[in-house]
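Good morning, and thank you for making time for this presentation. I would ask you to keep the sequence and the structure in view while I speak.

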Amino acid sequence: MAPASSSTHSAITLNINGEKYPLSVDHRTTLLDALRERLDLTGTKKGCDQGQCGACTVLIDGRRAVSCLHLAVAAEGREITTIEGMAEGDRLHPVQQAFLDLDGYQCGYCTPGQICSAVAVIEEHAAGWPSAVTDDVRPEAGPPPLTAEEIRERMSGNLCRCGAYVSIVQAVARAAEAHEETTKEASA
Amino acid sequence: MTTATTGRTTVKGAVGTAHTRVEGRDKVTGAARYAGEIPFADLAHGWLVLSTVARGRIRSVETGPVLDMPGVLTVLHHGNAPRLTTDYVGMLGIPDPTAALFQHDRVPHVGWPVALVVAETPEQAREAAEALVVTYEREPHDTALVAAHPDAYAADGHMPAVTEKGDLEAELAASAHVVDAEYTTPEEHHSMMEPHAATARWDGGRLEIVDSNQGASWVQSELAKLFSLDESAVRVRSEHVGGGFGSKGVRAHQVSAAMAATTLQRPVRVVLTRRQMFSLTGYRSPTVQRVRLGADPDGRLRALEHRSLNQTSTVYEFVEPSAGVARVMYDADAHRTANHVVRLDVPSPTWMRAPGEAPGSFALEAALDELAERCGVDPIDLRLRNEPETGPVSGLPFAGRNLAACFREGARRFGWADRDPRPGLRRDGRWLLGTGTAAASFFAGAGPSTALVTAEADGGFTVRIAAADIGTGARTALTLVAADALEVTPERVRVRIGDSDFGPAMIAGGSMGTRSWAWAVTAAARELRERLALGTDIPPEGITVRSDTTEALGALAQKERHSYGAQFAEVAVDTATGEVRVRRMLGIFAAGTIVNPLTARNQLVGGMTWGISMALHEEAVRDRNTGGHYGPDLAGYHVATHADVPLVEADWVEDHDPDDPVGIKGVGEIGIVGAAAAIANAVWHATGVRHRSLPIRPDRVLSAGTGASRA
């Protein structure tokens with residue numbers, strides 16, 4: 001075991017899925033490698049290790065981020081959500097359930113990243129964020145309809161080489177509808 | 001002890017009913033562990049060092065300074081690595097020496113493995129690998145595939161190099177319409193999302209490898225031969241596999257991990273980086289193809305010639321048999337096909353989704369479209385007029401050829417009847433619109449497999465087979481097949497795969513996996529059901545039946561067995577930017593019994609998505625000066641992403657292989673075949689310009705202009 005803190009290592013505490021993980025990390029260690037190699041949270045995948053494929057997508061303070069481009073030491077004090085933190089006990093997150101029901105995957109390796117991205121996309125859209133294909137970007141226009149085109153644009157940072165995009169988009173749309181209904185019910 | 005039978009009420013019908021993946025929950029929660037994710041105590045990490053020259057010899061590997069770096073345990077290279085045996089014939093032929101690491105000082109291409117640095121942590125291994133100095137004696141290299149390469153030669157590969165009948169020149173001369181065109185396809189990479197990864201360790205006298213591969217028993221057998229071990233002394237496990245597409249066989253990751261585990265006598269993991277994958281894991285060779293067609297005024301073919309050239313490495317001959325598709329698809333009075341290769345200072349190519357058919361169908365089906373234009377015949381009618389009665393080259397009967405049914409159903413659903421065949425007429429703002437079609441076929445084969453099916457004392461059933469689920473849904477498909485053969489509900493069946501201890505089995509490749517494994521599972525399950533029907537008592541350890549399909553497959557009648565399909569695409573071409581966008585695609589397939597409609601549709605759509613990617617995006621470019629790639633990563637090598645893929649629909653017509661116990665033909669590859677041609681044909685219909693080189697990049701579209709602007 002490396003020393004707690006030294007010129008090459010630091011003792012940090014990561015806050016992941018609501019739990020605190022104290023560990024000593026090599027300063028070169030990425031958040032992705034800390035999750036996979038040190039904390040046995042292997043649900044977050046390494047597809048390219050250089051920010052090009054989206055397989056390592058996690059949520060940092062609620063926003064999506066590619067964990068391969070974050071150093072573990074810089075993630076201290078942030079709230080990190082990984083695929084392991086999406087379900088509530090045995091109850092899958094609606095996005096997870098939609099991926100399962102509509103076969104929104106094949107090999108499954110991009111899936112955790114796709115799901116983390118989709119969860120954030122639905123939130124970003126609900127909060128009124130426009131995308132490159134949004135026609136009316138004025139703040140007062142409100143969120144555009146979450147069409148297939150909008151979903152495709154917003155999910156394009158997540159590659160799926162099996163080519164399951166069609167069913168992934170259908171799964172995101174279904175989960176977004178469920179989310180909208182829940183939000184309506186909550187505000188009614 | 002329980003007395004269990006398969007149940008008095010007969011349960012059937014699992015096959016053909018949509019079923020979500022049995023491992024789906026594990027995949028959506030992140031619980032599914034892939035090869036690089038299984039924890040091992042005392043694990044060391046290996047990092048490969050690759051050559052920076054394209055041809056030459058290693059002069060020195062300066063290990064001294066690196067061995068002094070923190071955490072470094074060893075550096076393996078040609079001077080100290082264990083010796084391997086390579087003069088054997090494996091399941092798929094002689095081994096590609098690319099996997100025989102560190103056996104000599106020769107360097108045959110950029111990115112050839114020259115050393116493995118092993119350290120306590122991945123960070124230490126990577127830093128030391130990047131610091132390792134290797135010096136070379138350089139030699140001049142040649143990495144450029146050109147049409148008239150003087151060193152090209154006809155090569156067999158997995159089919160005869162050349163087939164010919166009739167007098168080609170005479171029939172061409174007698175033809176009313178002739179097409180003579182050259183088509184090219186670029187170097188393409190599998191780029192599955194999970195990089196190749198393996199952990200090796202010695203455990204109780206056995207070499208254990210946790211790996212990501214397309215066939216656990218295949219990799220076990222190859223590693224045993226390479227390391228001169230008894231097969232029983234090697235165990236390979238590969239439970240979840242993050243994509244394969246032909247690339248996940250015996251590669252540098254398993255071999256180097258096994259070498260290091262042997263040297264260090266502790267577990268060692270080697271994970272390839274994305275950039276390393278571009279030179280170490282195979283690829284689809286670029287092709288240069290020439291097609292000559294001659295036809296009567298009504299489009300009936302008098303002459304068909306399809307020639308293809310691909311590159312291979314200097315250490316291994318791999319043939320991309322692009323001319324093979326013509327041997328199945330169309331007959332002509334004079335018929336000639338030939339596959340050629342040329343050896344260059346490049347990595348060895350390998351099988352990649354629809355090897356031969358994918359690039360071959362692009363050239364042939366684009367040429368057919370050109371012929372339809374010349375003849376003034378509808379492209380679908382042209383194909384239907386040239387439907388052969390028997391195999392054009394083999395003369396064998398077809399085991400079902402439902403191509404016409406695919407075209408009829410596809411044309412109806414796509415709205416083909418309303419199509420104006422003239423190009424360059426349809427506009428939507430700045431976009432020119434067009435539609436195109438193409439035919440598809442892919443060989444339906446099966447390989448010998450063994451399966452174990454156990455009736456458990458608790459009333460359940462366990463199937464064990466060294467199958468691989470690389471995203472195909474094989475685990476789920478076999479659950480349904482076993483349930484029907486046992487006449488129980490799928491919930492009572494548990495399928496275990498990806499372990500060489502389950503016995504020899506076919507690989508997940510050539511669209512043959514599910515058919516081969518389903519045959520073995522069906523055979524064992526049926527025999528077990530017959531035994532249980534006698535009311536046998538089930539002991540605590542269960543009753544197990546083992547099957548082996550070697551004999552049954554050997555007795556299979558010789559026929560032309562293929563899946564077929566009709567591909568349709570609508571594209572929009574931006575004449576200002578040169579951008580091509582696919583607006584919709586439809587594929588109708590005749591692919592035998594569809595075991596699980598949910599996953600099969602997804603896989604067919606995935607193949608068509610590969611077709612979009614092949615037509616418009618994928619291209620690995622090699623620098624002639626260095627012999628290496630420009631941008632060998634997922635930013636430099638583009639695969640289709642969400643925004644590139646519109647609503648792609650796949651469906652099928654009734655089809656069944658009469659000689660297969662389940663009627664399966666296979667769906668893994670047929671989806672990509674013809675897809676790029678349909679898109680290219682649609683681009684012509686939109687613009688009036690033929691694009692005979694893939695990918696159809698914006699710069700190519702812009703420099704070619706449009707038929708209208710040239711007129």
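This is a predicted model: local features need pLDDT of at least 70, side-chain atom pairs count only at pLDDT 80 or more; totals for chains, interfaces and linings use all residues.

Where is the place of Pro695(B)? Pro695(B) sits in the loop between helix H16 (675-687) and helix H17 (698-704) of chain B; helices here are DSSP runs of H or I with at least four residues, strands are DSSP runs of E with at least two, and both are numbered from the N terminus. A cis peptide bond links Leu694(B) to Pro695(B), with omega at about -5°.

Residues are numbered from 1 along each chain as its sequence is written, and chains are lettered from A and ligands numbered from 1 in the order in which they are written.

Let me begin with chain A. The domain assignment, which is automatic or taken from a database, gives domain 1 (9-85) and domain 2 (94-187) of chain A. Taken over C-alpha atoms, the centres of these domains are separated by 23 Å. In contact across them are 14 residues of domain 1 of chain A and 11 residues of domain 2 of chain A; two residues are in contact if their C-beta atoms, placed from the backbone, lie within 7 Å. On the domain 1 side of chain A, strand E3 (57-60) and strand E4 (63-66) each supply at least two residues. E3(A) gives the most to that side, with 3 residues. By class, the side of domain 1 of chain A that touches domain 2 of chain A has 6 nonpolar, 5 polar and 3 charged residues. For these classes, Ala, Val, Leu, Ile, Met, Phe, Trp, Tyr, Cys and Pro count as nonpolar, Asp, Glu, Lys and Arg as charged, and the others, Gly among them, as polar.

One backbone feature of chain A deserves mention. Asp49(A) is not a glycine, yet has a positive phi of about 65°. Asp49(A) lies in the loop between helix H1 (31-38) and E3 of chain A.

I turn now to helix packing. Two packed helices are described by the angle between their axes and the distance between the axes. In chain A, the axes of helix H2 (residues 94-102) and helix H3 (residues 111-126) come within 9 Å and cross at roughly 130°. The axes are lines fitted to C-alpha atoms, for helices over the stretch in contact, and the angles run from 0 to 180 degrees between N-to-C directions. H2(A) and H3(A) are therefore oblique to each other; angles under 35 degrees count as roughly parallel, over 145 as roughly antiparallel, 65 to 115 as roughly perpendicular and the rest as oblique. The contact is made by Val95(A), Gln96(A) and Phe99(A) of H2(A), together with Thr111(A), Ile115(A), Ala118(A) and Val119(A) of H3(A). These residues divide into 5 nonpolar, 2 polar and no charged.

In chain B, the axes of helix H12 (residues 474-486) and helix H13 (residues 513-533) come within 8 Å, crossing at roughly 30°. H12(B) and H13(B) are therefore roughly parallel to each other. Their contact includes Leu478(B) and Val481(B) of H12(B), and Trp517(B) and Arg526(B) of H13(B). By class, the contact has 12 nonpolar, 3 polar and 2 charged residues.

H16(B) also takes part in a packed pair. The axes of helix H9 (residues 357-375) of chain B and H16(B) come within 8 Å and cross at roughly 35°. Among the residues in this contact are Phe362(B) and Asp369(B) of H9(B), and Ala680(B) and Trp684(B) of H16(B).

How many residues of chain B are in contact with chain A? There are 45 in chain B, facing 47 residues of chain A. The elements giving two or more residues to the chain B side are helix H1 (24-29), helix H3 (122-131), helix H15 (597-616) and strand E27 (647-652) of chain B. H15(B) contributes the largest share of that side, 8 residues. The chain B side has 19 nonpolar, 18 polar and 8 charged residues.
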